[in-house]
Amino acid sequence: MRIDILTVLPQLLTSPFETSILKRAQQKGIATIVVHDIRDYSTDKHKRVDDYQFGGGAGMVLQIEPIYRCIQELQSQRKYDEIIYVTPDGAQFNQKTANSLSLLQNIIIICGHYKGIDHRIREHMVTKELSIGDYVITGGELAAAVIADSVVRLLPDAMSDISSALNDSFQDNLLAPPVYTRPEVFNEWKVPEILLSGNTKEIEKWQLDQSLERTRLLRPDLLED
Ligand code: ADE
């Protein structure tokens, strides 16, 4: 899978992709993540990419031209399945969306900044708008990193044990069961006896019960879906 991310702050997107699963996925050739500086596509002699809003109002807007030129160049090289704009007024990103994006070949993610991007990009080029939650962050970069991370870890062979991804919270609309590791006793706090029993069937049953119980308690809305 290939993910192209368009941003005015490429430096915000270096470390998330240079560590852990995302780094390994790229090294193994499972994922290619390319960050593009929108400024490189500006024809302005000062490399300016933002301007005042028509109609007035506080805050700058990212101009249409550099974003358009960057997308055009990418589309001349390959076909894209989705052009995503990350924005607080987009559809709520969730595990289901991560699962479906992980089946795609090539996607573009556009990061907004300041007041956002010229709306004509959203009307004529963007195919999906996603929000990572009902709060506003400074720009779309961290949202793009969240989405890229949750998608790439689902790609075949990105994780050494794919069953780990299938057991994640929100797969099956359930929260994950609690997990424990050595030592068995710490400060007289004991690991649940069942996990030490070696009885796989009983352990799986306990884990499912725990998942259901935690979901009922913490996120009953998930059970209504
Ligand atoms: N840009 C600013 N806030 C955002 C959010 N909550 N989700 C996606 N992109 C954003």
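User: Which residues is Leu-13 in contact with, leaving aside its neighbours within four places in sequence?

Analyst: Keep in mind that this is a predicted model. Leu-13 is in contact with Ile-5, Thr-7, Val-35, Glu-141 and Ala-145. Contact here means heavy atoms within 4.5 Å. Leu-13 itself lies in the loop between strand E1 (2–7) and helix H1 (20–27).

User: Why is Leu-13 called buried?

Analyst: Its relative accessible area is 2%. Buried means under 20%. The value falls under that cut-off, so Leu-13 is buried.

User: How far apart are the C-alpha atoms of Leu-13 and Ala-145?

Analyst: They are separated by 7.0 Å. Along the chain, Leu-13 and Ala-145 are 132 residues apart.

User: What about the whole chain: how many residues count as buried?

Analyst: Of its 225 residues, 40% count as buried. The chain has 8 helices and 9 strands. Its C-alpha trace spans about 70 × 40 × 35 Å along the principal axes. Among contacts with a separation of 6 or more, 75% come from residues 24 or more positions apart.

User: Which residues surround the ligand?

Analyst: The shell includes Val-86, Thr-87 and Pro-88. Leu-130, Ser-131, Ile-132 and Gly-133 belong to it too. So do Tyr-135, Val-136, Ile-137, Gly-139 and Ala-143. Strand E5 (82–92) and strand E7 (128–131) each supply at least two residues of this shell. The largest share, 3 residues, comes from E5.

User: Why is Arg-122 called buried?

Analyst: Arg-122 has a relative accessible area of 15%. The cut-off for buried is under 20%. The value is under the limit, therefore Arg-122 counts as buried. Its place is in helix H4 (residues 119–124).

User: Which side chains make polar contacts with the side chain of Arg-122?

Analyst: One partner is Asp-89, at 2.9 Å. Another is Glu-129, at 2.7 Å. Arg-122 also touches Tyr-85, Thr-87 and Ile-117, among others.

User: Is Gln-171 buried or exposed, and how do you know?

Analyst: Gln-171 has a relative accessible area of 12%. Buried means under 20%, so Gln-171 is buried. It sits in the loop between helix H6 (162–166) and strand E8 (185–186). Gln-171 touches Gln-95, Asn-99, Leu-154, Ala-165 and Leu-166, not counting residues up to four places away in sequence. The C-alpha atoms of Gln-171 and Gln-95 are separated by 6.8 Å, yet these residues are 76 residues apart along the chain.

User: Why is Asp-157 called exposed?

Analyst: Its relative accessible area is 56%. Exposed means over 50%, so Asp-157 passes the cut-off. Asp-157 lies in the loop between helix H5 (141–152) and H6.

User: And why does Phe-170 count as partly exposed?

Analyst: Phe-170 has 35% relative accessibility. Buried needs under 20% and exposed needs over 50%. The value lies in between, so Phe-170 is partly exposed. Phe-170 is found in the loop between H6 and E8.

User: What is the phi of Asp-157, and what is that of Phe-170?

Analyst: Phi of Asp-157 is near 75 degrees, and Asp-157 is not a glycine. Phe-170 has a positive phi of about 80 degrees, and it is not a glycine either. Most residues other than glycine have a negative phi.

User: Which residues does the cis peptide bond join?

Analyst: It joins Arg-182 and Pro-183, with omega about 5 degrees. Pro-183 is in the loop between H6 and E8. Most peptide bonds are trans.

Technical notes
Residues are numbered from 1 along each chain as its sequence is written. Side-chain values use heavy atoms; hydrogens and water are left out. Helices (H or I, at least four residues) and strands (E, at least two) are DSSP runs, numbered from the N terminus. Buried means under 20% relative accessible area, exposed over 50%, partly exposed in between (1.4 Å probe, protein chains only). A residue is near a molecule or strand if one of its heavy atoms lies within 4 Å of it. A polar contact is a pair of N or O atoms within 3.5 Å; within protein, one must be able to donate a hydrogen and the other to accept it, and residues adjacent in sequence count only if both atoms are side-chain atoms.
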